Amino acid sequence: MTGEYFNGTPLLVGIMPKQHPEVLQTAATLAARLGTPLVCAYVDEASYLVEWDPARSAHRLSRDPHANDDMLALTTELKEHVQAVVDKLASEGASLDWSFRTLTGDPARALGQVAAELDAPIIIVGTSERGFSHRLSEALNGSVGAWLSHHQSRPVLVVPYRKPAHEDRP
């Protein structure tokens with residue numbers, strides 16, 4: 001597959017604090033190889049996403065959280081992490097245009113809506129963390145990758161956590 005297929009439309013990757021680095025590295029490498037931009041999106045689950053209607057700007061604004069010190073610190077940290085990955089790619093001779101979006105509400109629905117807005121040809125997310133609390137959270141909230149693959153028409157790339165299960169035990 002070549003970059004011409006994408007016509008400059010960005011790939012979309014869902015990122016979060018303390019996420020396994022493979023997710024962002026895979027997304028950035030893929031975007032650089034395809035010669036397409038990368039949109040990195042963080043979804044703040046603590047804020048609520050009202051019904052989305054692209055024709056009504058009031059609804060569209062609800063996806064963007066209000067600025068506060070904690071959110072500013074978090075987004076600054078995430079942007080620095082993205083820039084570090086992009087800088088590493090640049091040192092290897094690849095270039096990548098990227099941008100950062102902060103969204104609110106349910107992660108799967110917010111990513112699906114932004115992908116539709118951007119006409120992103122693919123959505124990239126990571127697998128769930130290992131451990132009981134993460135399994136419980138997924139049971140209650142559902143898997144982002146699973147929801148996306150079942151409820152919207154774009155391809156979804158789910159990047160696995162590369163550490164073997166036997167190495168993950170204490």
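Biologist: How many bridges join E1 to strand E4, and which way do the two run?
Modeller: In this predicted model, 2 bridges join E1 to strand E4, residues 123–126, and the two strands run parallel.

Biologist: Which residue of E4 does leucine 12 stand opposite?
Modeller: Leucine 12 stands opposite isoleucine 123 in E4.

Biologist: And E2, how does that strand pair with E1?
Modeller: In the parallel sense too: E1 and strand E2, residues 38–44, pair over 4 bridges. Leucine 11 stands opposite leucine 38 in E2, and glycine 14 has alanine 41 of E2 as its bridge partner. The chain gets from E1 to E2 through helix H1, residues 21–34, and this β-α-β crossover is right-handed.

Biologist: What holds paired strands together in general?
Modeller: Strands of a sheet pair through backbone hydrogen bonds, either parallel or antiparallel.

Biologist: Are the faces of E1 covered or open?
Modeller: Both faces of E1, residues 11–14, are covered. Leu11 and Val13 are buried on one side, and Leu12 and Gly14 are buried on the other.

Biologist: Which residues of H4 are buried?
Modeller: The buried ones are Pro107, Ala108, Ala110, Leu111, Gly112, Gln113, Val114 and Ala115.

Biologist: How far does H4 reach, and what comes just after it?
Modeller: H4 has 12 residues and reaches 16 Å from its first C-alpha to its last, close to the 16 Å expected at 1.5 Å a residue. Just after H4, aspartate 119 takes a positive phi of about 60°.

Biologist: Which H3 residues are buried, and what covers them?
Modeller: Met71, Leu74, Thr75, Leu78, Val82, Val85, Val86 and Leu89 are buried in H3. The cover for the buried residues of H3 includes H1, E2 and E3.

Biologist: What about the residue with positive phi that follows H3?
Modeller: That is glycine 93, with a phi near 95°.

Biologist: Changing topic: how many helices and strands does the protein have?
Modeller: It has 6 helices and 5 strands. From the N terminus on, the elements run β-α-β-α-α-β-α-β-α-α-β.

Biologist: How much of the protein is buried?
Modeller: Of the 170 residues, 37% are buried.

Biologist: And the surface, what does that come to?
Modeller: The accessible surface is about 10100 Å², and 53% of that belongs to carbon and sulfur atoms.

Biologist: Last one, what share of contacts comes from residues 24 or more positions apart?
Modeller: Those residues account for 77% of the contacts with a separation of 6 or more.

Notes: Residues are numbered from 1 along each chain as its sequence is written. This is a predicted model: local features need pLDDT of at least 70, side-chain atom pairs count only at pLDDT 80 or more; totals for chains, interfaces and linings use all residues. Side-chain values use heavy atoms; hydrogens and water are left out. Buried means under 20% relative accessible area, exposed over 50%, partly exposed in between (1.4 Å probe, protein chains only). Contact means heavy atoms within 4.5 Å. Accessible areas come from the Shrake-Rupley method with a 1.4 Å probe; for residues, only the protein chains shown count as cover. Two strands pair if DSSP finds at least two bridges between them. A crossover is right-handed if, with the strands pointing away from the viewer, the path from the first strand over the helix to the second runs clockwise. The expected span of a helix is 1.5 Å times one less than its number of residues.
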